[in-house]
Amino acid sequence: MPLSNMAVRDIETVIHPYTNLARHREVGPLILNEGRGIYLYDDKGKRYLEGMAGLWCTALGYGNVEIAEAGAEALRKVSFTHAFGGKSHDGVIELSEKLKEIAPCPASKILFGTSGSEGNDMQMKLTWYMNNARGKPEKKKIISRVRAYHGVTIASASLTGLPWVHTDFDLPIKNVVHTSCPHFYRFGKDGETEEHFASRMAQDLEDLILREGPETCAAFIAEPVMGAGGVIMPPKGYFEKIQPILEKYDIRFIADEVICGFGRTGNWFGTTTMGMKPHSITMAKAITTAYFPMSAITIEEDLYQAMLDESRKLGTFGHGYTYTAHPVGCAIALKTIEIYQRDKIMEHAAKMSPLFQMRLNKLADHPMVGEARGVGLIGAIELVADKATKRSFDPKKMAGATMVNKLQDLGLIVRNIQDSVAFCPPLVITTDEIHEMFDMVEKGLDEMEAWASKENARAA
């Protein structure tokens, strides 16, 4: 089928993130021009259930008029003001108070950015700043995890533990190291229990710290659920075993709540769900239900005191963005959080979670699926060539991408991470819509079974 005029114009003008740019020239874009509730509509009028909440972010779905009006009112009132030189506005003060109130860790202050990447970049930068203020200039290494995802700026992409984010970008930069990926299904040993696996992961972390030198290790960053690495769940007891090691070696614990924050796991924050006790968290995405680019990090008292010391010494705090604490973003975030609380969105997500997880876990019975995993309203299935041995498909077969394309044809938008297929619908999804989504997934898996036979895709 020939590409439309609009598709050709896209190909000739737009660079698409996380897209095979060569293949894109052949197949063109999916042009989505309208959204209502949990559904999107393309330029031909076809309806799609948005099973990924955009990019893990549109928690309240599409077309929320209240939020649109809050943003419009802010544009009329103070279309822009910055936070440099001590300038402020009502919105940032109220939003900072609200975030301190709901944060799952002690928060002295809040610092804003415009993306999760920026937020984690700030975490890294301020960890270094704090240790310089503490007289520990050698304590600079940030520990992340293989298959973690923390962003794509030079610093945050270095924290990300995925090869396609590093290869030929000359990343990671120095002072970033990665410990083992805690995916029990893939990396557990024969006869090893999940808890024993968690102990081994904790030991791997301590061994890394000792190899690098505890005096050089400054922070450890972790997602409650490793989202863009494949929706990887922490093994039983993992964070309980990790935290004493971090305390032992005076290592700052940062929780990346960019995906899990604001209800995704059935609590306000994934930190609570997973029993984590971080010093600071990074927030973005659902803070504005993705209607405005905004991120925030909590600043613990020790870090704030170090920032005060440096400000006295240097005469200023030399960090910030033009759009830090943008008044429109603050207004949208405040309205979003108001709706979360007023409409009991966290409670709704928790109520929908058992059905979501039941339908998700049922997929593990399918011949194409090696593992189904998830919590709350987030999950994934991992496609395998051989269930008994857990053998993956040949990467050249592109099983995950093939599955996602089949689901898109059926009217469901989801995302593959290699051969894992992720699900993360808007939190406002209903019982009927959950069934609609997973009915399409089951049909897609049956089509994949036929594909595997036709293409001899299971051949070793």
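Is E338 buried or exposed, or partly exposed? E338 is partly exposed, its relative accessible area being 35%. The legends below refer to a predicted model.

**Figure 1. Salt bridge between K335 and E338 in helix α14.** The side chains of K335 and E338 form a salt bridge with an N to O distance of 3.2 Å. Both residues belong to helix α14, which covers residues 327-342. They are three residues apart, about one turn of the helix. K335 counts as buried at 19% relative accessibility, the cut-off for buried being under 20%. E338, with 35%, is partly exposed. The pair is part of a network of salt bridges that links E66, K335, E338, R342 and D343. A search of the whole structure gives 27 salt bridges.

**Figure 2. D250 with its partners R134 and K136.** D250 meets R134 in a salt bridge at 2.7 Å, N to O. R134 is in the loop between α6 (116-133) and β5, and D250 is in the loop between α11 (238-248) and β8 (252-256), so this pair ties together parts that are 116 residues apart in sequence. D250 also meets the side chain of K136 in a salt bridge, at 3.2 Å, N to O. K136 lies in the loop between α6 and β5, so its pairing with D250 ties together parts that are 114 residues apart in sequence. Each of these residues is partly exposed: the relative accessible area is 33% for D250, 36% for R134 and 28% for K136. Side chains of opposite charge can pair when their charged atoms come close.

**Figure 3. W56 in the largest nonpolar core.** The largest nonpolar core has 104 residues, and those touching the most other members are W56, L99, F220, F262, I381 and L383. Helix α17, residues 431-455, gives the most to this core, with nine residues. Beyond its neighbours within four places in sequence, W56 is in contact with G227, A228, V231, I259, K285, I378, R415, I417, A422 and C424. In soluble globular proteins, nonpolar side chains tend to be buried together.

**Figure 4. Cysteines C57 and C330.** The structure contains zero disulfides. For C57, the closest cysteine sulfur is that of C424, at 8.3 Å, which is too far for a bond; a disulfide requires sulfur atoms within 2.5 Å. C57 counts as buried, at 11% relative accessibility. C330 is in no disulfide either, and the cysteine sulfur nearest to its own, that of C57, is 18 Å away. C330 is buried, with a relative accessible area of 0%.

**Figure 5. Nonpolar surface patch of Y18, V152 and W164.** These three residues, Y18, V152 and W164, form a nonpolar patch on the surface. Together they have about 310 Å² of accessible area. V152 is located in the loop between β5 (141-145) and α7 (154-159). With a relative accessible area of 46%, V152 is partly exposed.

Definitions and conventions. Residues are numbered from 1 along each chain as its sequence is written. This is a predicted model: local features need pLDDT of at least 70, side-chain atom pairs count only at pLDDT 80 or more; totals for chains, interfaces and linings use all residues. Side-chain values use heavy atoms; hydrogens and water are left out. A nonpolar core is a set of buried Ala, Val, Leu, Ile, Met, Phe, Trp, Tyr and Cys residues joined through side-chain atoms within 4.5 Å. Buried means under 20% relative accessible area, exposed over 50%, partly exposed in between (1.4 Å probe, protein chains only). Helices (H or I, at least four residues) and strands (E, at least two) are DSSP runs, numbered from the N terminus. Contact means heavy atoms within 4.5 Å. Patches are made of residues with over 30% relative accessible area and no salt bridge: like charges are joined within 9 Å, nonpolar side chains (Val, Leu, Ile, Met, Phe, Trp, Tyr) within 5 Å. Accessible areas come from the Shrake-Rupley method with a 1.4 Å probe; for residues, only the protein chains shown count as cover. A salt bridge is a side-chain nitrogen of Lys or Arg within 4 Å of a carboxyl oxygen of Asp or Glu.
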